[in-house]
Amino acid sequence: MDFKDNEAIYLQIAGYVSELILRGKWPPDFKIPSVRELAADLQVNPNTVMRTYELLQSQEVLYNKRGIGFFVAPAAAEQVLAQRRARFLTQELPDVFATMRLLGIGLPEVQRRYEEFNQTQPISVS
């Protein structure tokens with residue numbers, strides 16, 4: 001995983017975990033990698049992964065079985081989808097609209113390109 005400088009690492013890991021859940025790689029009640037396992041896989045400090053897991057637990061995306069580990073919550077995909085949609089619509093889309101206006105790009109062109117994208121790009125997890 002390549003980390004970006006403009007966002008905390010634990011939030012980027014939360015995004016990665018959320019993506020795995022949304023794409024069905026980690027289904028409901030799936031036991032996810034331990035803190036140490038994921039930290040080793042991503043080459044980060046275990047405290048960073050623990051912070052990620054605690055955040056996702058507070059958002060009801062994960063749950064903890066004491067002594068066993070963390071699991072994907074039954075409604076995790078719906079929870080992640082709602083959170084990501086809200087963030088996109090309120091934080092990211094206004095920036096996209098501002099750039100479109102600046103460059104003179106209209107909705108018909110965006111719609112055409114979006115349809116082309118959907119036809120040529122498979123959904124995948126990096």
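This is a predicted model: local features need pLDDT of at least 70, side-chain atom pairs count only at pLDDT 80 or more; totals for chains, interfaces and linings use all residues.
User: Where in H4 does a kink lie?

Analyst: A bend at a residue is the angle between axes fitted to the seven residues ending there and the seven starting there. In H4, a kink of about 40° lies at Glu92. Residues are numbered from 1 along each chain as its sequence is written, and side-chain values use heavy atoms, with hydrogens and water left out.

User: Which residues of H4 are buried?

Analyst: Start with the general idea. An α-helix has 3.6 residues a turn, so residues three or four places apart point the same way. Buried means under 20% relative accessible area, exposed over 50%, and partly exposed in between, with a 1.4 Å probe and protein chains only. In H4, the buried residues are Ala76, Val80, Leu93 and Met100. Leu81 also sits in H4, but Leu81 is partly exposed, because its relative accessible area is 44%.

User: What do the buried residues of H4 pack against?

Analyst: They pack against H1, strand E2 (69–72) and H5. Contact here means heavy atoms within 4.5 Å. Just after H4 comes Gly104, with a positive phi of about 70°.

User: Which residue has a positive phi of about 65° although it is not a glycine?

Analyst: That is Asp29. Asp29 lies in the loop between H1 and helix H2 (35–42). Asp29 counts as partly exposed, because its relative accessibility is 42%. Gln43 is not a glycine and has a positive phi of about 60°. Find Gln43 in the loop between H2 and H3. Gln43 is exposed, because its relative accessible area is 73%.

User: How many residues line the largest pocket?

Analyst: On a 1 Å grid over the protein atoms alone, a pocket is an open set of points where a 1.4 Å probe fits, with protein on both sides within 12 Å along at least five of seven lines; lining residues have an atom within 4 Å of a point. Here 40 residues line the largest pocket. Glu19, Leu22, Arg84, Phe88 and Glu92 lie nearest its centre. The elements that give two or more residues to this lining are helix H1 (9–22), helix H3 (46–58), helix H4 (76–103) and helix H5 (107–120). H4 gives the most, with 11 residues.

User: How much space lies in the largest pocket?

Analyst: About 1600 Å³. That volume is the space filled by probe spheres set on the grid points, which are joined across faces, edges and corners.

User: What classes does the lining of the largest pocket have?

Analyst: It has 21 nonpolar, 10 polar and 9 charged residues. Ala, Val, Leu, Ile, Met, Phe, Trp, Tyr, Cys and Pro count as nonpolar, Asp, Glu, Lys and Arg as charged, and the others, Gly among them, as polar.

User: What pattern does the protein follow along the sequence?

Analyst: Helices (H or I, at least four residues) and strands (E, at least two) are DSSP runs, numbered from the N terminus. This protein has 5 helices and 2 strands, in the pattern α-α-α-β-β-α-α. Its C-alpha trace spans about 55 × 30 × 25 Å along the principal axes. Of its 126 residues, 25% count as buried.
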